[in-house]
Structure formats: structure tokens, C-alpha cells
Amino acid sequence: MSVVVIGAGMHPWGKQGRPFQEYGVAAARAALADAGVAWSDVQFVVGADTIRNGYPGFVAGATYARALGWSGARVASCYAACASGAQAVDLARARILAGLCDVALVVGADSTPKGFFTPVGGDRPDDPDWLRFRLLGATNPAYFALYARRRMALYGSTPADFAAVKVKNALAGALNPNARYRTPVTAEQVLASPMVADPLRLMDICATSDGGAAVVLASAAYARRLGVRSPVTLAAISTVTPTYPKTVLDLPDFATDPPVRESVPFRTALALAAYEEAGLGPEELSFAEVYDLSTALELDWMEDLGLCATGEADKLLRAGDTALGGRIPVNPSGGLASFGEAIPAQAIAQVCELTWQLRGEAGARQVEGALAAIAVNQGLFGHGSAIVAVR
Amino acid sequence: MIPGWFDGTHLLGTRCTSCQAVFFPPHHGFCRDPRCEGEELVEERLSRRGTVWSYTNACYPPPAPFVSAEPYVPVTLAAVELERERIVVLGQVKGLAVEDLRVGMELELTEGTLADGPSVWMWGPPR
């Protein structure tokens, strides 16, 4: 029994300023068309929620179902910060694996304001996310910068290394019609962009974007009946929590747990659970899509995923191993560097990229002979995911 | 600013009386260690010194609910590993800029004020 991806669709990322539903519906219709499945045949629809668009955002599954036309399908919605999309995919997968349905649609979309992500409004001193802004002015980039500075101190990474990540991802993004930023950049441009949170500059940090993504999942039997030949299989979805003691400062925390015993760092744990479920290891991956909220974080992810030893990511980057055409391309989609972040859509967009790459349909950014890939993310309040797909 | 977090000289955490783990911000009701059944957490003043785990600044005024000084002076932040408890605590830095900071250097807790008045803990040079 396996669950396969039979359709993938996106609305291009940008800052178009339209209601999020429009992006989600466009992506859903594209995914359904890609699958050759009629909306009325979808038995289960899951929406990954946005928290920035008022009450409708909180009921995303029904919002999309209504926009597509009430069809009587089973519906669910979920919010899990940056992992919302991954958990939505997991919900659909679980229902198919349980035999409760054969075909499901998963949709995520967001419409974002300009500037820093900010906490939900009001005077709310019981919310650590609100408090970190109120007491410290600690924005998301501030946390990314803490990791970047730590990386420089521990492993000797330099601002030039971070710039090289952006240059690499911009080059890939320029080849992706769904990316928001499609212009190659130079290291000089990155290093001359304004400092935002030392040592990270504007072009080191991912933007906040509008966008929508959707996938159609099905049982292998349903895909066969539909005539889909060698579909992309979801080999693992890991949505594990961190493990106590969590000794790395994560958004939106004020402090870590005390290091009372050894524990596997969160990002590593996400990947390990996925590898175990998929029955493969990092050496079998053809490429990886990682959550490059900052350029420096892409380097951390490479080590967390086991693509190289701790402290060695810069070496791979400098050797061109992680570029398109390299030994293990990282973010062949262009990554968040080229997309910006549309939170509930982002993890689903990663699955779209995995699908297109593994089908050999990624065009100019195709990873040659891609057979297996991982997509990972991490967000607020201990949320994260790792998805492995294989051909 | 937040009652029970900072007494003007020390950060206030809680210690689990069963496993002795220390938490900040103060955590009550049950121990955060899934292997510990402890339900009694008592307030404890935390080490005033520690070493810099990492640091950064905010070159642009952070958004609300932060209240920025006028004219804006970049906020410096440091994550400091406390000497005894070895937990890493984030705070604003007073009297030092990013140029003055290094990972591993020692800092000491001090009191500072936000632009609109409230008192908060801040990290400063050791005295």
C-alpha cells in the first residue's frame, strides 16, 4: 500500500495582493488538471491554514471547497506554522492509507503584508511570539542571524559563503516559472545589499510572499485505474516534535532547555524519522529542497540532513556540489531565496517540486535522473517536517 | 515588565524539585522533561553571568508591539549561555554593539528600559 502524487499545481509566487483563496483555487485547479481528476471526484480536501487573513484563513479546507464548488467531499483544515502544508499532506495520506478514501486534494495559499512577519495583534503578554517582539524586538531574521553568526564562529563560514548560496539559488530560480524572483544575482550585489540583522543582509533573507500550491494524492490502485504510469510515491512524511532537552534557541523562544542529557537536534530528528520511514539514507538522495529562510540556514540544513558532516556544508557549496548539475543539488526550485515564504503553501510547493523533478518534468532546472528526494522545513513553536518522495 | 521574570538584578526561573532542571521563562505546573513526573517547580534566581552563544542586531526598527526609540538606535541582541544552568537566554544588549561582541565572550545581566519605559533584563559588559 502506498500513496502517490498524481497531480501538482501552483499559482506563481509574488506580491500580487489578491485574496489568498484565488491563489489556492488556481493551484488546486492546476493540480486537478495535471492529475486528470475532476474536482467532483475528489473524496477528501485538506486546506493548510493561513493565520493572516482573518476567520476564512482558519477554515481553509472549507474555503477552498466552497470556492471550487460545494461537492460534498470530506474536508479538513490544519495549521502547523511552516509545516502546515506538510501536515495537510500527511492528513490526506493517512486517510488514503486507512482505506477511507482513494483520492484527495491538498491546498495551501497565503497573501502576506509587506515587511517583517509580525505576531497576531492586540495586547497579549501570555503569547511568547508576541512577547519576543514586545520585550526584545526579536524578529524572525534576528533568529536566522543568531544561527548565521554561530555558524561563522563554529565552522568559519563567511558572508561570501552566504552570498554564494543566494547566487546559486537565484540561478535556479531564474529557471522556475513559479518563482517570484527570476533574475540571477552576483555575490557583489548580495554583499552590497543593506544589512538587516548582522551578519545577514537583505538578500540573505527570504521575503514574505503571496502564493498557492496544491497536490492531488491517490492510492496506488486509484492511480493505476487512472492510467498513471510510475507515479511519484510519498515514501515518508515526518512531522515529529523536538525532543527534550531542546538546546538550540528556536523561534519564538526566549531560552533553551537545560542540557540535562544528549538529544538529537530538531532538524536532524525530522530528517532521521523520514529516512527511517522511507528505508533510505541521505546517500541515496538525488537532490534536496530545504527551507532556506536565510542563506546561512541552507548550509545548516545540509548538515542536518546528513548530506555532509557537520561544518562541511561550505565545502560542498564552494565545490559546486549543491548547484544544478552538481553531485547533490540543493533547492533546484530556487528555494525560498527565489520564492519568498507563503507559509501554508510552502511545504506543498516543495512537494510539487519533488513531483516535477522525479517525473523528469522540471525543464531547464531538471536534476538529471532524479530518483529520490527530500523536502524539509522548520517553523514556529516546534513545528517542522521532512517528506521523502521516490520514483 | 512581565511580573516574575526579572527582579531588577536576576532573571527568575523555576527549578523542578524532582529532576532539578531549570526553566526560563518560569514554568509552573509540571516538569518539561517527559521522563520526569515532577509537578513542583520553585522559583529560582538564575546566574547573572554567561557566555555569548550568538548575537545580532536589528538594523531596521522592529515592528509593533516593539516600541522603537526616536531616533532609532539599532537594537543589539545576544543569546547567552548561563554559567550554572547552561540554558541559553536571549536578551537585548546594553552598552555594546555587534562590533564589540564575540561568540564565547562573557556578559553580565543588567537592567535596561524599553523606549516606552518598562524595565527589562539586558546583557551588558561584565563589571
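A contact is counted when heavy atoms lie within 4.5 Å. On that basis, among contacts in chain B between residues at least 6 apart in sequence, 52% join residues at least 24 apart. This is a predicted model, in which local features need pLDDT of at least 70 and side-chain atom pairs count only at pLDDT 80 or more, while totals for chains, interfaces and linings use all residues. Residues are numbered from 1 along each chain as its sequence is written, chains are lettered from A and ligands numbered from 1 in the order in which they are written, and side-chain values use heavy atoms, with hydrogens and water left out.

**Chain B**

- Chain B has eight strands and zero helices, where helices (H or I, at least four residues) and strands (E, at least two) are DSSP runs numbered from the N terminus.
- Its pattern along the sequence is accordingly written β-β-β-β-β-β-β-β.
- The C-alpha trace of chain B spans about 50 × 30 × 25 Å along its principal axes.
- Of the 127 residues in chain B, 51% are buried; buried means under 20% relative accessible area, exposed over 50%, and partly exposed in between, with a 1.4 Å probe and protein chains only.
- An unreviewed UniProt entry annotates residues 44-109 of chain B as "domain: ChsH2 C-terminal OB-fold"; such positions are given in the numbering used here, feature names are shortened, and annotations may be inferred rather than shown by experiment.
- That span is 45% strand and 0% helix, and its end C-alpha atoms lie 15 Å apart.

**Strand S2 of chain A**

- Five of the five residues of strand S2 (residues 44-48) of chain A are buried, so the strand is largely enclosed by the rest of the structure.
- In a regular strand the side chains alternate between the two faces of the sheet.
- S2(A) runs parallel to strand S3 (residues 74-78) of chain A, with five bridges between them; two strands pair if DSSP finds at least two bridges.
- Five bridges also join S2(A) to strand S4 (residues 103-110) of chain A, again in parallel.
- Val46(A) stands opposite Ala76(A) in S3(A) and has Val106(A) as its bridge partner in S4(A).
- Arg95(A) lies over the face of Phe44(A), 5.1 Å from the ring centre; a charge sits over a ring if NZ of Lys or CZ of Arg is within 6 Å of the ring centre and within 35 degrees of the ring normal.

**Aromatic pairs**

- Rings of Phe, Tyr and Trp (its six-membered ring) pair if their centres lie within 6.5 Å; planes under 30 degrees apart count as stacked, over 60 as edge-to-face and the rest as tilted.
- By this rule there are eight aromatic pairs over all chains.
- Trp13(A) and Phe339(A) form an edge-to-face pair, at 5.4 Å centre to centre and 80° between the planes.
- Trp13(A) lies in strand S1 (residues 3-14) and Phe339(A) in helix H13 (residues 335-339) of chain A, so the pair ties together parts that are 326 residues apart in sequence.
- Both Trp13(A) and Phe339(A) are buried.
- Phe254(A) and Trp5(B) also form an edge-to-face pair, at 5.1 Å centre to centre and 80° between the planes.
- Phe254(A) lies in a loop of chain A and Trp5(B) in the segment before strand S1 (12-16) of chain B, so the pair joins two chains.
- Phe254(A), Trp5(B), Phe24(B) and Trp121(B) form one aromatic cluster.

**Interface between chains A and B**

- The contact takes 38 residues from chain A and 45 residues from chain B.
- The two chains bury about 3,500 Å² between them, 67% of it on carbon and sulfur atoms; buried area is the accessible area (1.4 Å probe) that two parts lose on being put together, summed over both.
- Arg134(A), Leu135(A) and Leu136(A) supply 20% of the area that chain A buries against chain B, more than any other three residues.
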